[in-house]
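Dear colleague,

I am passing on to you the structure that follows, together with some notes on what I found when going through it. Please read the notes with the coordinates open beside you.

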Amino acid sequence: MLSTITNTGRAAMARAIAERPLHLAWGIGNPAWDTMQREDLPSLVDAEALHAEIGRRKPSVVRYCIPDDEGSIVIPVSENEAEGTLEKARYSFSDTPTPYLYIRADYDFEDASNAVIREIGLFVDSKPLDSCPAGQLYFTPDELADTGMMFCAQILARPINRTVSMRQSVEFVQPI
């Protein structure tokens, strides 16, 4: 007999994840993805790493949130390029654990400057090398003693063309 994970159980899992060391990784992925239809992109369900990671950053914000039609957190869900429309979901922050985690990483100017970003992934329990300076927030793959476990990942619908003159923020809500 299978049991059902309750909403409070999902909130407990979200709390356990939020309390662990987290890093949002990004990578150049596979350039062939740029010409593929969404439904033809590879599944990431069995992925343990990004296709071609170039760095990861400690999130600036990790908070609980709840769905809220009037909420101030606005996350794109899907787009229809032909019609020029965007489906959005709205959320509000919660001070108590919920089954929804809001994650935002604010990458710096020099982080992967001039790269084309096609994939992102949230990693739990990444460990930088002991030789990395205290307070360092961005790590390249060669600066990690342990990559941790990939919790969730996404191939971006539109690649991000990085430039050294712009900061980049990546934000999303992950239902648990």
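Is C65 buried or exposed? C65 is buried, with a relative accessible area of 0%, where buried stands for under 20% relative accessible area, exposed for over 50% and partly exposed for what lies in between, with a 1.4 Å probe and protein chains only. This is a predicted model, in which local features need pLDDT of at least 70 and side-chain atom pairs count only at pLDDT 80 or more, while totals for chains, interfaces and linings use all residues. Residues are numbered from 1 along each chain as its sequence is written, and side-chain values use heavy atoms, with hydrogens and water left out.

To stay with the cysteines, the structure has zero disulfides, a disulfide being a pair of cysteine sulfur atoms within 2.5 Å. The closest cysteine sulfur to that of C65 belongs to C152 and lies 13 Å away, which is too far for a bond. C132 likewise counts as buried, at 15% relative accessibility.

The structure also holds one cavity of 30 Å³ or more, a cavity being a set of points on a 1 Å grid over the protein atoms alone where a 1.4 Å probe fits but cannot get out, and its lining residues being those with an atom within 4 Å of a point. The space in the largest cavity comes to about 40 Å³, taken as the space filled by probe spheres set on the points, which are joined across faces, edges and corners. Its lining includes W33, L44, E119 and Q154, and by class it has eight nonpolar, one polar and one charged residues, with Ala, Val, Leu, Ile, Met, Phe, Trp, Tyr, Cys and Pro counted as nonpolar, Asp, Glu, Lys and Arg as charged, and the others, Gly among them, as polar. Strand β11 (residues 149-161) gives the most to this lining, with four residues; strands here are DSSP runs of E with at least two residues, and helices runs of H or I with at least four, numbered from the N terminus.

Finally, five strands form an open antiparallel sheet in the order β4-β5-β3-β6-β12, where two strands pair if DSSP finds at least two bridges between them. Its edge strands, each pairing on one side only, are β4 (73-80) and β12 (168-175). Between β4 and strand β5 (residues 85-94) the antiparallel pairing runs over seven bridges, and P76 stands opposite K88 in β5.

With best regards

Note on methods
1 Å grid on protein atoms, 1.4 Å probe; cavity = no way out; pocket = protein on both sides within 12 Å on 5 of 7 lines; lining within 4 Å.
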